[in-house]
Amino acid sequence: MLSFRRARRHAAVLAAVAAVAAVVTAASFAVVGALAVSADAGVRLGLASRSGADLALRASIPLASDPSTQDGQVRAAIARSFHALSVPPQVTRTISAEVPLRTATASGEERAGLVVSIPGLQTAAELEAGRWPASADEVTMQADAAERLDAGPGDILTIDGTQVTLVGVWAVADALDPRWLGDAQVLSGRGSRVGPVVVDETLWVSFADAEPAAQWTIVPDASHLTAADLALIVPAWSRLTSDWRGQVDDLGTIGKTGGLAMTATAMQERVDGMRAIEPVVLLLLLAASLVTLAELSRLLAADRGAEIALLWSRGRSGAEGAVSGGIEVGGIAALGAVVGAAAGVATVALIGGDASVLAHPAVVAVPVSVIAASAMFGALTTLRASRPDARAGAAEGRTRRLAGPGAAVLVSAAAAVSVWQLRLYGTPVTPLADGTTGIDPIAVVAPAVALVAFVLLGLLVFPVIARLAERAAAGGTVTRMLASRGVARRLPRVAALVVVVAVAAGTVALAAAYTGTWSSAFDRTSALRAGADVSVVAVRGGLDDAQLDTLVALPGASDVAPVQSSGMQLSDETGSLVAVAPDAFAELATSAGGALDPAAVADAIRGDVASVAVPEAVDSLVVRAHADGFAIDPDLSLQFVDDRGRLMRVTAEAQIVGDELSYRVEVPPSARDGRARVLAVDAVLAADAITGTDSATFVLTGWQTGAGADIGGAEELFWFPVSLGVDFSPAVPFEGTGFSADAGTRSTRLLPGTSGGTLDLGRPAVAVSRALADRYDLEVGDPFSFGSEGSYARVDAVVADIVAAVPAADSDLAALIDLTVVQRTALETSGAPPVPSTAWIATDDPSATALQAREALPPGTRIRLTDDPAGRTVIGSTALALGGAALLCGLLAIVTLVAVGRAERRDRAADVDVLRALGMRSSEQARLRRTEWWSVVGFGGILGLLAGGIVAALTVPALASAAVPDPYPGLGAALSVDLVALLVGAALLGIACAVVIEANAARVARRARTVRQEDAR
């Protein structure tokens, strides 16, 4: 009972201890839970942008003699391999084999056919004609494949000698369904085999020569996958063969396809970026709470100094007092931690999180550390106070002089090591031996430890400043003099206020710097990876004309430009070569927050390619030619390229006008803006176009618009023939305006050249990335040689510009080149230039346009947005978490201010009475107390902002870089401050402090007025 009554006298400080423990525990739980919820939401958002094979896995093994038993074993093995997933995956088994196939309408011709068994096809496909099978000898076929085979319902098919009846043709209902893995054979009937033909499973025994394989397609529910699930999928898939041995009979090699593992890896990179910042938030909270608890414990010991000395004089040893103090403060902290834990769990449940994430050791360590630190601080401060009065002052003074600097030096040394290691590696994320990544425990504590170190160093300066202020105020007003004196003689108590306010202000500065730095780095990297508002990347085969037309027709697309991205062979490394039309780059490419000047880069790389300019608003061109010696006139087609870089081949219609040929060709709509050009003229000769041994000549004689106007500059060009394929006798140049051919010539391409009589393009201009320039010591104007993908020839270019990074490049070692130059070179060396691998889309609504493109393009097509909403959802939550940490540190500061204020009102009540008796009015005493507190809080705020700024400059760029997925190595995160966040955070902290200070000043004034009323009576 006596102990309880003693505790009641110090209830304000003890309540503050419990409040700190509760707030920090609840906050740590809520932060971890909220980050986990954001990670899950971001993962699902990212998965929603994928389709086809990106969302599924497929395991294939030979079909066993007992398919049913094998199916059961494999399904059980799959369940065990993926048992830890939050939702069991959907598993579909199919059977397939390549077998001979013959139709009655194909004159007995036997072809390689793809025969499959697909359970539940009726629910996943729609009939185009016919009906679904009613018996085992009836089959169905994919509709496009049946059309190419000229087969239909009612036809008889012979499969490996077994006759079956084709009763229906179908098309899949959803081409983006992951179960199909984006297989073109199933989706459109296109492939090296005929089919697929779907048969009943019982029919496989009839195919004697077939070697069927069974496939199990594993499709997790993307709408319910969590970030934790991603971490399970990759290792489970990689261990599939070893895990299934002993579970599946006669298991050999497992064929593994599907891109979900790669998708999970890409999504996991974003989650890892978030995980790298999570410890920083927890450590900042923990550091702020430990400093606050240490100061509260010292305040409690100071308030109980007389009581502790009395107990010591009655025979209680210092050790007994330390144990009692530790148990008391630790018990109060434990009670607060329990309350905070309950609040934290309830918060996580309220926001839809899974409480299991709170079982992580790092999360549990926060309340455990708070309780242990509270007990330790309570014991140490009580032990220090358990000394005789005669020695206590001197001993305490010596200890404070030594322990203060000593603690600052120790923490500063730890901060120096931590910051050094963080800056050395540039990230707190380190690679592990198993190929995964982990958090460097030394580097990740750098921000928190460094902030505390700077605050403690600033605290050492505070007594000096306080004494100087006291001397300066000696000749000033009474209020100023008394305020300076009051602060100078109460340094142990006001130190608590300085520390907690400084830590809170420093955390505000740190959070504002991280928010600004990460946001700018993330936006810049996302924009560079996409290249434009929306980037569509074909996984294989490139984007053909039909797909580009589809993108142009999207309601949200205001402009579309093809981009060719390919490998680049350097002297000792591989890089990335990005080819885009200069006009398209200038108007569609992102500036990446000022990292690029698209217009200037476009001008630098613009190539000088000889061509025929297409006049504006012209819907047709007429090419006049003279043909001599041909039995059949050549067929012509023109290779147009518009200002966006789209290459289009258009066939011309020939007419005979007098003794000349007139070829009329329609100008594509996108080439009618006055910026399009004709890069080549293709001539195709019939097999009997030239008879006998004499040669024939073909000469271009003029270029006109469809209305008959001459096209300026065309007559100045020279035309050179190049072969389009394997000709027994390639065409040769004739008079600089055409070609000469003989009976062995089948085709040729006329390319325009300069008046000097050459096709040489000279050294094409390229813009290289800063990383590439640094690696090979390149400067503007230097020659640069590289090999292009698919060619043994090297390209001799010249560096026209050096840019921070090349948009849409897969490597940081990258170069940007005029797409027209690449197309012109390809027209010279190959029959058909490669189709573009990427398309850039300009749009006002990237998300809606991306969704439209996803639905219109084949499965597996990758779509990138310049703002990467999935990545922002996952990793952007860390900036909010740091902001929340700053808010909570401010709350801890307010708790401490309230506790100190209550203790001061009790301990300094006599001071108020004395000053009132001496004639100081209540308003003057309120102003005196207000001046004291603002001098302390103001110093703490300034110290914290300075410390936070220094720590941000030292650590934030490395932390922000770790939270940017797939960063460009040459583009580090530059320090940037979110001024709005800084001003709002500082204002909130200042307002909260002002409320507490004004409340204390009001209570002092009330006390002074009470004394005056009692005197009057």
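## Stop one: the cysteines

Searching the whole structure turns up 0 disulfides. Keep in mind that this is a predicted model. A quick reminder before you click: a disulfide is a covalent bond between the sulfur atoms of two cysteines.

## Stop two: a pair of helices

Next, select residues 11-48, which form helix 2, and residues 869-907, which form helix 23. Two packed helices are described by the angle between their axes and the distance between the axes. Here the axes of helix 2 and helix 23 are 9 Å apart, and the angle is about 175 degrees. So helix 2 is roughly antiparallel to helix 23, as angles over 145 degrees count that way. What kinds of residues make up this contact? Sorted by class, there are 23 nonpolar, 6 polar and 1 charged residues where helix 2 meets helix 23.

## Stop three: another crossing

Move along to helix 24 (residues 909-917) and helix 25 (residues 922-962). Their axes come within 10 Å and cross at roughly 135 degrees, so helix 24 is oblique to helix 25. The crossing of these two, helix 24 and helix 25, is right-handed.

Show the side chains to see who is touching. From helix 24 you get V912, L915 and R916, and from helix 25 come Q925, L928 and R929. By class, the contact of helix 24 with helix 25 has 3 nonpolar, 1 polar and 2 charged residues.

## Last stop: a valine in a strand

Finally, pick V172, which you'll find in strand 7 (residues 162-172). V172 counts as buried, because its relative accessibility is 13% and the cut-off for buried is under 20%. Who does V172 touch, leaving out residues up to four places away in sequence? Select A124, A125, W180, V186 and L187 to see those contacts.

Then draw a distance from V172 to T574: C-alpha to C-alpha, they are 40 Å apart in space, and 402 residues apart in sequence.

Notes:
Residues are numbered from 1 along each chain as its sequence is written. This is a predicted model: local features need pLDDT of at least 70, side-chain atom pairs count only at pLDDT 80 or more; totals for chains, interfaces and linings use all residues. Side-chain values use heavy atoms; hydrogens and water are left out. Axes are lines fitted to C-alpha atoms, for helices over the stretch in contact, and angles run from 0 to 180 degrees between N-to-C directions. Helices (H or I, at least four residues) and strands (E, at least two) are DSSP runs, numbered from the N terminus. Angles under 35 degrees count as roughly parallel, over 145 as roughly antiparallel, 65 to 115 as roughly perpendicular and the rest as oblique. Ala, Val, Leu, Ile, Met, Phe, Trp, Tyr, Cys and Pro count as nonpolar, Asp, Glu, Lys and Arg as charged, and the others, Gly among them, as polar. A crossing is left-handed if the near helix is turned anticlockwise from the far one by less than a right angle, and right-handed if clockwise. Contact means heavy atoms within 4.5 Å. A disulfide is a pair of cysteine sulfur atoms within 2.5 Å. Buried means under 20% relative accessible area, exposed over 50%, partly exposed in between (1.4 Å probe, protein chains only).
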